[in-house]
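Colleague: Could you take me through one part of this model in some detail? I would like to hear about the charged side chains and how they pair up.

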Amino acid sequence: MSNTIQTGAALAGVAPVDRLMAEVEKGQQLAGHFPDAEALDRGRRVYRSELTIEEARAEIDAKYSRG
């Protein structure tokens, strides 16, 4: 529980989107995934409502499509 308290205190002054992104990145790392800057930026744009989930999926599909 002390880790949660320390983490919460450390992130208290961080903007909400930045805090969410830190949680997403760490969760991905703990699962053995290491998202690149492009993937993290896509997530950030979704959180900021600059991109819908459907648009984000379309970007991913376009990136990995085999044309």
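**Charged pairs and their surroundings**

Modeller: Happy to, and please keep in mind that this is a predicted model. Let me begin with Glu59, which is partly exposed at a relative accessible area of 27%. Salt bridges with shared partners tie Glu59 into one network with Asp36, Glu38, Asp41, Arg42, Arg45 and Lys63.

Arg42 has a relative accessible area of 9%, so it counts as buried, the cut-off being under 20%. Apart from neighbours within four places in sequence, Arg42 is in contact with Leu51, Ala56, Glu59 and Ile60.

Helix 3 spans residues 37-47, and another salt bridge is found there, between the side chains of Asp41 and Arg45 (3.1 Å, N to O). These two residues are four apart in helix 3, about one turn of the helix. Asp41 is partly exposed, at 35% relative accessibility.

For another pair, look at helix 2 (residues 16-30), where Glu23 and Arg19 are four residues apart and so separated by about one helical turn. Their side chains meet in a salt bridge at 3.4 Å, N to O. Glu23 is partly exposed, with a relative accessible area of 43%, and Arg19 is partly exposed too, at 32%. In total, the model has seven salt bridges.

Conventions:
Residues are numbered from 1 along each chain as its sequence is written. This is a predicted model: local features need pLDDT of at least 70, side-chain atom pairs count only at pLDDT 80 or more; totals for chains, interfaces and linings use all residues. Side-chain values use heavy atoms; hydrogens and water are left out. Contact means heavy atoms within 4.5 Å. A salt bridge is a side-chain nitrogen of Lys or Arg within 4 Å of a carboxyl oxygen of Asp or Glu. Buried means under 20% relative accessible area, exposed over 50%, partly exposed in between (1.4 Å probe, protein chains only).
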